[in-house]
Amino acid sequence: MEKFVENLIYSARWIMAPIYLGLSLALMALAIKFFQEIIHIIPIIFSMKEVELILVVLSLIDIALVGGLLVMVMFSGYENFVSRLDLEGNDDKLSWLGKLDAGSLKNKVAASIVAISSIHLLKVFMNTEVIPNDKIKWYLFIHITFVLSAFAMGYLDKLLRDDKTKAL
């Protein structure tokens, strides 16, 4: 009975596979939004103000960062929690595949969130004339919270890794 339950629990990891597949659909939606933004600015590019163009470009960078984050979570999550990707002999293999454990992935996600938040904060700073000061303060407070959280997670991860190497 115990072996059956253990096998059942171990097999339950495959429930995550469709979730990672769903993330690839979210990646497709981001790609559609990215190109939709580009199509919108092409006819008006010469009449746009520089600030407006920079805001659109920042939005495109934002979409690209979120897309990269999705790819990282899809591949690393699948490989860490479901099954190894069989990509032997594939010259297209990503160099970081198989090297990101759950802790490293968590830190990369936190760093990506800080980068995305930085871009949003830059957009806010470029629009200060139309955004109330109290909202700007909240954006800044939230961004600082993300930065401190990412720093704390990275520092704790470093402490845990140092403790493991000392124990060996």
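Reply: Lys 123 is buried and yet takes part in no salt bridge. The closest side chain of opposite charge belongs to Asp 62, 4.0 Å away. This is a predicted model, and the distance is a value computed from it.

Lys 123 sits in helix α4, which covers residues 102-126. Apart from neighbours within four places in sequence, Lys 123 is in contact with Leu 55, Leu 58, Ser 59 and Asp 62.

The view from the other partner is as follows. Asp 62 belongs to helix α3, residues 50-81. Asp 62 is likewise buried without a salt bridge, and Lys 123 at 4.0 Å is its nearest side chain of opposite charge. Not counting residues up to four places away in sequence, Asp 62 touches Ile 116, Ile 119, His 120 and Lys 123. A salt bridge is counted when a side-chain nitrogen of Lys or Arg is within 4 Å of a carboxyl oxygen of Asp or Glu. The distance given for Asp 62 and Lys 123 is 4.0 Å, and no salt bridge is assigned to Asp 62.

Val 82 counts as buried because its relative accessibility is 5%, where the cut-off for buried is under 20%. Leaving aside neighbours within four places in sequence, the contacts of Val 82 are Arg 13, Trp 14, Met 16, Ala 17, Tyr 20 and Gly 77. Of these, Arg 13 is 69 residues from Val 82 in sequence, while their C-alpha atoms are 5.4 Å apart.

Now the chain as a whole. The protein chain contains 5 helices and 0 strands, in the order α-α-α-α-α along the sequence. The radius of gyration is 21 Å, well over the 15 Å that the globule rule gives for 168 residues, so the chain is more spread out than a compact globule. Its C-alpha trace spans about 70 × 35 × 35 Å along the principal axes.

Of the 168 residues, 24% count as buried, and Asp 62, Val 82 and Lys 123 are among the buried residues. Among contacts between residues at least 6 apart in sequence, 69% join residues at least 24 apart. The accessible surface of the chain comes to about 12100 Å², with 69% of it belonging to carbon and sulfur atoms. As for charge, the chain has 16 positive and 17 negative charges, and their mean positions are 4 Å apart.

How values were computed: Residues are numbered from 1 along each chain as its sequence is written. This is a predicted model: local features need pLDDT of at least 70, side-chain atom pairs count only at pLDDT 80 or more; totals for chains, interfaces and linings use all residues. Side-chain values use heavy atoms; hydrogens and water are left out. Helices (H or I, at least four residues) and strands (E, at least two) are DSSP runs, numbered from the N terminus. The radius of gyration is taken over C-alpha atoms; the globule rule is 2.2 Å times the number of residues to the power 0.38. Buried means under 20% relative accessible area, exposed over 50%, partly exposed in between (1.4 Å probe, protein chains only). Contact means heavy atoms within 4.5 Å. Accessible areas come from the Shrake-Rupley method with a 1.4 Å probe; for residues, only the protein chains shown count as cover. Lys and Arg count as positive and Asp and Glu as negative; His and the chain ends are not counted. The place of a charge is taken as NZ of Lys, CZ of Arg, CG of Asp or CD of Glu.
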